[in-house]
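Let us walk through this structure together, one region at a time. Have the sequence at hand as you read.

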Amino acid sequence: MVQARLRILHAIHDFLPRHRAGSEIYASELCRELARRHHVSVLCSEYDPARQHGQVTWRAHDGLPVIEVVNNWVCASFADTYRPPVITEQIAHVLDAIQPDVIHVHNLLNLSFGLTAAARARGIPIVATLHDYTLVCPSGGQRIHRAERHVCHVIDTGRCARCFRESPFYAQMSFGTAAAVARAPSPVRRAALRVWRRLPRAAGLLGRAARRAAIVPVTGPDISLRLDAARQVFDDVNLFVAPSRSIAAEFERLGIDASKIRVSDYGFVPLLRGPRNGPRRPLRIGYVGTLVWHKGVHVLLDAIRELPAGSYELKIFGDPNIDPGYATALRARAAGLPVRLMGAFDREATAGVYAQIDVLVVPSLWLENSPLVIHEAFMAGIPIVGARIGGTADLVEHGVNGLLYTPGSSAELSVALRSLIDAPERLDDLARRLPRVKPLEQDAHEWETTYAEVLQRRWGDRQVT
């Protein structure tokens, strides 16, 4: 156990309050817990055409010092998307200013692969949480080709190049050139600030102007060079922690030595369980999460269409503004069905959301890591019906604490939901066998032990008592 008060720097692609996805929420809660005993700072990036590329802002969030670097994707080449010179230089200055004892990397997207080299040059040990696949997937880390509706179980550099050119990241890279930013009218700049980080279809808003302004070629060999740079990050990091066996196995296959990966799930702030009054009719089905194609909400809508009328209702919780086009398609698909799009909700309302459902469906099409919503449902006493893919299959034991089906199969999902309608007592049977979720306090202590381990390897016992 670490007894000394450490200086810990957490690095993540973006941060609260503007960005509230799973990894940002987890990092924030872990940092606040660690800050009870250590000096904790957060390094993040922000896309903001109204500010200068590379500008550094020091701010605070819930008492945490936050160092925010503006990355407007001013790119002369594809390499600048993952190792931008100005951002790399600013990160080096931040390291010199903070002088952390240890760096905890959550995500290098929008920061720089050069962060780990800068840390190693200064003798700073590095640990990393494997939240997703951004190290090897330049189009957002989901390892899916959206245009072709393809899950990338194998990395094909030619497909990766084509996928990146079709993604909003490519339009953002082009729009980020100095000439394009200078010529863009202020409404466009404001739109970019508002939507680039959140809208998968933002390329529809700015992509045409971006491509007219500056086109940077991206090819298969460019992707190969990025993978080489990722392997250098693999070498620089002292220890990776994978929240699921699934993502650990994937990264071992991608080149991380098995001895450098430890499997340990996330920790969570406890969530109160809502009261259950026995089986409910109709069955209250819920979806909680981001409304984007790779989350598979459309598969769920196709599945419920086959259920008996009056036997169920579906509530979909998620922000429709993340991808308005997809949300519009979902509304059209749900026409005439007992479906309500509930919109986004505040973090404080989480327990109330789960109190409104009897079963949570996780219909993901991509290789999920260790989904936040599954842990929340477990804490709330809600069984899962999930796609048998990635970390979902690690958390849900079929027939024990939930049901699994083949990803993308609306027919199998419909059969699973029908079984709960026909035998509602199964919900209580499944709920009784839900696993314990690791408390955040335990998780923070485990991380302290991990920090101590890498410090001892690096500098010896004199650094840790």
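Q99 is found in the loop that links α2 to β5 (102-105); helices (H or I, at least four residues) and strands (E, at least two) are DSSP runs, numbered from the N terminus. Although Q99 is not a glycine, its phi is positive, about 50°. Q99 counts as partly exposed, at 48% relative accessibility. Here buried means under 20% relative accessible area, exposed means over 50%, and partly exposed lies in between (1.4 Å probe, protein chains only).

Before going on, please keep in mind that this is a predicted model, in which local features need pLDDT of at least 70 and side-chain atom pairs count only at pLDDT 80 or more, while totals for chains, interfaces and linings use all residues. Residues are numbered from 1 along each chain as its sequence is written, and side-chain values use heavy atoms, with hydrogens and water left out.

Now look at W73, in the loop between β4 (64-70) and α2 (85-98). W73 is not a glycine either, yet its phi is positive at about 55°. At 2% relative accessibility, W73 counts as buried. The peptide bond from L16 to P17 is cis, with omega near 5°. As background, most residues other than glycine have a negative phi, and most peptide bonds are trans.

Stepping back, the protein has 18 helices and 16 strands. Of its 465 residues, 59% count as buried. Among contacts (heavy atoms within 4.5 Å) with a separation of 6 or more, 71% come from residues 24 or more positions apart.

What lies inside? A nonpolar core is a set of buried Ala, Val, Leu, Ile, Met, Phe, Trp, Tyr and Cys residues joined through side-chain atoms within 4.5 Å. The largest one has 93 residues, and L43, F251, I285, I304, V385 and L417 touch the most other members. Leaving aside neighbours within four places in sequence, I285 is in contact with residues including I304, Y312, V359 and L417. A second, separate core of 48 residues includes V42, Y266, I384 and V437.

Helix α11 (residues 297-304) and helix α16 (residues 410-422) have axes 8 Å apart and meet at an angle of about 60°. The axes are lines fitted to C-alpha atoms, for helices over the stretch in contact, and angles run from 0 to 180 degrees between N-to-C directions. The two helices α11 and α16 are therefore oblique to each other, since angles under 35 degrees count as roughly parallel, over 145 as roughly antiparallel, 65 to 115 as roughly perpendicular and the rest as oblique. Where they meet, V299, L300, D302, A303 and I304 of α11 face S410, L413, S414 and L417 of α16.

Helix α14 (residues 372-380) is mostly covered, with eight of its nine residues buried. Among them are V373, H375, E376 and F378. The cover includes β11 (283-288), α13 (350-354), β14 (359-362), β15 (384-387) and α15 (390-395). After α14 comes G381, whose phi is positive, near 80°.

Finally, how many disulfides does a search of the whole structure find? It finds zero, a disulfide being a pair of cysteine sulfur atoms within 2.5 Å. The sulfur of C152 is 5.9 Å from the closest cysteine sulfur, in C160, too far for a bond. C152 is buried, with a relative accessible area of 10%.
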